[in-house]
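This report describes the fold of one protein chain. Please examine the sequence and the structure shown below before reading on.

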Amino acid sequence: MTWGRAGDAASLACYVEVGTRDKASLGPYQEILANRMIAAGQIENEEELEELSNRELLTRASVCGRSPNFFISWSPRYYYCIPHMGHDWFGISKIGRLNLDAMESFHAARPIIREIQDLSIFGILDKYRGLVPEGLLDQINAMRESIRFAGCSICLVLHRHEVLEKINLEMLTR
Ligand code: SF4
């Protein structure tokens, strides 16, 4: 996904449509991706990549909570993930004031973030399906997401519909 001024280059990014198995949009990058995933032990061979649902491909390539998308921001705040810039719910600290307490209180109030890291965003969608409006699932399946760039936009969409917050509340109150 490309954001901001790079939005005009979105059609050049290597993306897949979430709800399909179609990999044609990866173009020549598919071979590079297959080699990387084989080297990382994420798939056994190129055929396996071809057969994977794009949901599973994005799950295996997930960078949630890991560098480079963790804590990167060009604004005066640290955000959990680049797409969340400007959304206070994902703001951790002002730059230069990040301390252990800020980290601990941020995660204590948002257990969903650890669960996104563990299960991937698709694992969350499966586990809390009852809290996700049907139309929103269709919208997510139709999204195009890039592979291994700087984060996707899926949990941002969930956040905008207050679904992440509902799931988070469920975790805090159960
Ligand atoms: S926006 Fe995507 S990459 Fe970023 S935390 Fe959410 S699911 Fe992970």
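## Overall architecture

Which pattern does the protein chain follow when read along the sequence? The order is β-α-α-α-β-β-α-α-α-β-α-α. The model under discussion is predicted.

Of the 174 residues in the protein chain, 28% are buried.

In soluble globular proteins, nonpolar side chains tend to be buried together. In this model, the largest nonpolar core has 26 residues, and those with the most contacts inside it are L33, I116, I121, I154 and C155. At least two residues of this core come from each of β1 (15–17), α1 (29–39), α3 (54–60), α5 (111–127), α7 (154–160) and α8 (163–173). Helix α5 gives the most, with five residues.

Apart from this core lies another, of seven residues, including Y80, C81, I82 and I92.

Leaving aside residues up to four places away in sequence, I154 touches I121, I140, M143 and E145.

Is A108 buried or exposed? A108 lies in helix α4, which spans residues 100–109. A108 counts as exposed because it has 9 C-beta neighbours inside 10 Å, and the cut-off for an exposed residue is 12 or fewer.

A108 and L172 are 64 residues apart in sequence, while their C-alpha atoms are 9.1 Å apart in space.

How values were computed: Residues are numbered from 1 along each chain as its sequence is written. This is a predicted model: local features need pLDDT of at least 70, side-chain atom pairs count only at pLDDT 80 or more; totals for chains, interfaces and linings use all residues. Helices (H or I, at least four residues) and strands (E, at least two) are DSSP runs, numbered from the N terminus. A residue is buried if 20 or more other C-beta atoms lie within 10 Å of its own, exposed if 12 or fewer, and partly exposed in between; C-beta atoms are placed from the backbone. A nonpolar core is a set of buried Ala, Val, Leu, Ile, Met, Phe, Trp, Tyr and Cys residues joined through C-beta atoms within 7 Å. Two residues are in contact if their C-beta atoms, placed from the backbone, lie within 7 Å.
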